[in-house]
Amino acid sequence: MFRKVLIANRGEIAVRVAGTLQQMGIAVVAVYSDPDRGAFHVRNADEAYPLDGKTAAETYLDIGKITAIAKRCGAEAIHPGYGFLSENAQFAQACADAGIVFIGPPADVIRCMGDKVRAKEIMHGAGVPTVPGWSGVSNASAKTIAGEAGRIGYPVLVKAAAGGGGKGMRVVRDVSSLAEAWASAGREAKAAFGDGRVFLEKYIERPRHIEFQVFGDHHGNVVHLFERECSIQRRHQKIIEETPSPALSDALRGRMGEAAVKAARAAGYSNAGTVEFLLSDGGEFYFLEMNTRLQVEHPVTELTTGLDLVRAQLIVADGRPLPFTQDSVRQRGHAIECRIYAEDASRGFLPSTGTIEAWAPPSGPGIRVDAGVARGSEVSVYYDPMLAKLVICDETRTDAIDKTIWALKRFAVLGVTTNVEFLQCVISHPAFRAGDINTAFLEQHDLTTQMSERPHDDALVAACVALLNGQPDAANQPSATHATDGGPWQRAGAWRSG
Amino acid sequence: MPTIRLQRIGDHESETVAIDRVRGAGLAAGPPLQAADRFDVTLRGRTATAELSATSRDGSACLHIDGRVVPFHSVRRKDEVLVWIAGRTFAFHVSGRSARRAGTTAAAIGTHLSAPMPGAVLKVNIAPGGVFAAHQPLVVLESMKMEMTLSAPHAGCARDVLCREGDLVEMGATLIRFEDSVEDRSGPDKPN
């Protein structure tokens, strides 16, 4: 096994991977950008080296800097986490060229699956069902694009060929907004992935997003580790994931699992990956894409299978066979993950920046918090606004929902606006509880209105106490006045004294 | 009896809370409140007995209000206080008589286009003096790799363009100032 591994990432995933590495007796090397000098992931490493720069492009996306650091410090392998270079074939190749093990699939597999168009062709050829679409060509005329969109039939989805995470993606309902969507998706894709190619796909209304965790090794074994339902999304980005999916019968789960393994075999896959499917109302499923990395939501699989997927990744990368077989893996209980984002749900999920001034995550049996921040951490504009993942496991879906609500109500964060309250609204919604969910859930149900309720009376008292507590001059500040009468506030309130 | 008027940021109404220290270590002295201090608290004409049972340097604290246990976290800023309580967070403006009204007419009518999030200016589609139609994309912002198109809230004309491509802007920064509309409905004295 490796003695030293570099983690080419930041935030919660860098912290989570570091934990497993250290448990396996492997030294952890962190890298960091200028704004991340004191970041949580750096504090959790054994060694840390600067990437000199601020933006993702000049730091966590700089292949040359990262491989040079790995060489210099003697790291034998690199774990890419998710995002950044995790699905970058050039990076996997650069590692191979430098004699460093890339913890993930081979470069050519990443290249094939990262090109959403080629991936679809391969899956189509292997007999895995795919969504109708048009591959797109560079410098296609507006007329050609409109013609193809018309042939597929509106609504269509403009997608980045190198895409992921909802970036470079636009839903187009008629021809009038097609050209602008094509151009802006291309720009966004260029900025996020360095590849501006986009293509068209039939937009399936209100599908469920069901993905299967797959794992392959260098000995010809491919195993699936059941599904994750990731239908609750905003801006095409998942915010709540769970397993098992309330939508799958054992028979459908069996067929989709077989298709996922077939897809992984067709791709020549090794290490951890995810096969994403769209599941229509009618129970038809289509291959969407394959993610050639560890997913953000992998903990729900871990909590219900009892496996450590990062440990398995290390074992496979070390050339050993998978530590489990299809027959030996079992799922038990129900797990739900909530992504805690620094964003304002009541203002269109706009990212929020600032300093984390209070940070008190919940804990207890079946409650896991993978965090990338701590009290005092700065949340900057430079990187993804996800702060942490709250992952809950219990015997049944109902138990897991109740526990998630409890845990969210005890997750205290101050300093940046978070989506914690919004997540409570989603999880508490009767439709969510009933398992009646699809990718348009947040558009169908307006949940932000629940959040604009007037403050709890206790909050007003707590605010006053906070102002008076340990602040000697509070009463003398212009903000505090002395009461003359109770006039303006004497309407009956809900505050009960008991 | 110290009385504090709080206005939730973004709300129009404010609430007043009176705190009357009746028992505790330094009961004659007034603030600051300390752990184990007990006091009467009056809100909307109702009074309850409360005790500050614990405080911690990290901003966490616990109140007992007529026997109910109420843990909370708080952060104080200049004229604001942030409170986390029972799974919800609130930002209050601590105000005296000059209660500020959030979302004033000027902003609602649209005298300018401001940045709804901090980020980088990717594209500016209008020049000073440029005329635009309602919903016309004026500025494209990028933050955390997410692109956001800011469109004109109404038809009009740009008086000043205060950002350039590549600029980093703060949330709320004015990006484009519009010419006054013909009707000029945005007088500061217009009642809400």
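## Burial and overall form of chain A

In this predicted model, 54% of the 498 residues of chain A count as buried. The chain contains 17 helices and 24 strands. Its radius of gyration is 24 Å, close to the 23 Å that the globule rule gives for 498 residues, so chain A is as compact as a globular protein of that length.

The C-alpha trace of chain A spans about 80 × 55 × 45 Å along its principal axes. Contacts between residues at least 6 apart in sequence can also be sorted by separation: in chain A, 65% of them join residues at least 24 apart.

## An enclosed helix, α11

Helix α11 of chain A covers residues 309–317. Of its 9 residues, 7 are buried, so the helix is largely enclosed by the rest of the structure. The buried residues are L309(A), V310(A), A312(A), Q313(A), L314(A), V316(A) and A317(A).

Just after α11(A), the residue G319(A) takes a positive phi of about 90°.

## A parallel sheet in chain A

The strands β4(A) and β5(A) run parallel and are joined by 2 bridges. In one of these strands, β5(A), the residue V101(A) is the bridge partner of A77(A).

Helix α4 (residues 89–97) and helix α5 (residues 107–114) of chain A have axes that come within 8 Å and cross at roughly 175°. Because an angle over 145 degrees counts as roughly antiparallel, α4(A) is roughly antiparallel to α5(A).

On the side of α4(A), the residues that meet the other helix are A89(A), A92(A), Q93(A) and A96(A). On the side of α5(A), they are A107(A), I110(A), R111(A) and G114(A). By class, this contact of α4(A) with α5(A) has 5 nonpolar, 2 polar and 1 charged residues.

Leaving aside neighbours within four places in sequence, V420(A) is in contact with I340(A), L408(A), F411(A) and V413(A). By contrast, the C-alpha atoms of V420(A) and G216(A) are separated by 36 Å; these two residues are 204 residues apart along the chain.

## Backbone features in chain A

Most residues other than glycine have a negative phi, and most peptide bonds are trans. F226(A) lies in strand β11 (residues 222–234) and is buried, with 21 other C-beta atoms within 10 Å. N271(A) lies in strand β13 and also counts as buried, with 26 C-beta neighbours inside 10 Å.

Cis peptide bonds are found as well. One joins Y154(A) and P155(A), with omega about -5°; P155(A) lies in the loop between α7 (142–152) and β7 (156–164) of chain A. Another joins T243(A) and P244(A), with omega about -5°; P244(A) is found in the loop between β12 (237–243) and α9 (250–266) of chain A.

## An antiparallel sheet in chain B

In chain B, 4 strands form an open sheet in the order β13-β12-β10-β15, with antiparallel pairing. The edge strands are β13 (146–151) and β15 (168–169) of chain B, and each pairs on one side only.

Strand β10 (residues 119–124) of chain B is joined to β15(B) by 2 bridges, and the two strands run antiparallel. In β15(B), V169(B) is the bridge partner of G119(B).

Notes:
Residues are numbered from 1 along each chain as its sequence is written. Chains are lettered from A and ligands numbered from 1 in the order in which they are written. This is a predicted model: local features need pLDDT of at least 70, side-chain atom pairs count only at pLDDT 80 or more; totals for chains, interfaces and linings use all residues. Two residues are in contact if their C-beta atoms, placed from the backbone, lie within 7 Å. The radius of gyration is taken over C-alpha atoms; the globule rule is 2.2 Å times the number of residues to the power 0.38. A residue is buried if 20 or more other C-beta atoms lie within 10 Å of its own, exposed if 12 or fewer, and partly exposed in between; C-beta atoms are placed from the backbone. Two strands pair if DSSP finds at least two bridges between them. Axes are lines fitted to C-alpha atoms, for helices over the stretch in contact, and angles run from 0 to 180 degrees between N-to-C directions. Angles under 35 degrees count as roughly parallel, over 145 as roughly antiparallel, 65 to 115 as roughly perpendicular and the rest as oblique. Ala, Val, Leu, Ile, Met, Phe, Trp, Tyr, Cys and Pro count as nonpolar, Asp, Glu, Lys and Arg as charged, and the others, Gly among them, as polar.
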